[in-house]
Amino acid sequence: MFQSLRVGTPLYVLHKSEPRVERGEVTFVSNPVPQFGQTYTSGLMSQQPPTVDVKIKSGDQIIELKQLPANMSVADYGNGLVVSESREAILNEIGLLKSNSQRIIDSTDQHRAIVSKCDALLEELNPQIRQEAERSREIGSLSNRVGDLESSIKELKEMLALSLNSKSKEK
């Protein structure tokens, strides 16, 4: 648990967006305090879950982690960061990150089909979108025709050059 951390204890920070793991050593741990102070409900005082502030040194860098849940050993810190005192917990988080990404990759064909069907529905229901799509298809068709013409002209030039070269050699 984060409240049990001591100076020198290893702490792991997983950057989910990159992904990469920083391993640092705790240089400071605050005493546990209620997350939002004390609150009163129906005349009774209730405590919010306690938090601790932690500083770790990773390489030459000092990382400040504020309001970590004191009674947990792994926490989603926000901004794509997961913090843990346990290497195994970070390994589990990496496994979850990988499986989520794999699920997304595996579903790309399904989502492409959905996008295609949605485009067709938008064209069907909105005349302006239909006109823009038709115009786009016409431009694409014209681009293909121009490309074919360029290829044909190139072939004709090559054939003409060969023909002229062979006639000049015959003389």
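Glu123 sits in helix 2 (residues 108–125), where helices are DSSP runs of H or I with at least four residues, strands are E runs of at least two, and both are numbered from the N terminus. This is a predicted model, in which local features need pLDDT of at least 70 and side-chain atom pairs count only at pLDDT 80 or more, while totals for chains, interfaces and linings use all residues. Residues are numbered from 1 along each chain as its sequence is written, and side-chain values use heavy atoms, with hydrogens and water left out.

Glu123 counts as buried because its relative accessibility is 19% (buried is under 20% relative accessible area, exposed over 50%, partly exposed in between; 1.4 Å probe, protein chains only). Beyond its neighbours within four places in sequence, Glu123 is in contact with Ile129, Arg130, Ala133 and Arg137 (heavy atoms within 4.5 Å). Helix 2 packs against helix 3 (residues 127–170) at an angle of about 115 degrees, the axes lying 5 Å apart (lines fitted to C-alpha atoms over the stretch in contact, with angles from 0 to 180 degrees between N-to-C directions).

Turning to the strands, strand 8 (residues 74–78) and strand 9 (residues 81–84) run antiparallel and are joined by 4 bridges; pairing requires at least two DSSP bridges. Gly78 has Leu81 of strand 9 as its bridge partner. The hairpin of these strands has 2 residues between them, and Asn79 takes a positive phi near 55 degrees there.

Val54, for its part, is in contact with residues including Leu5, Leu11, Phe28, Ile63, Leu65 and Leu68, leaving aside its neighbours within four places in sequence.
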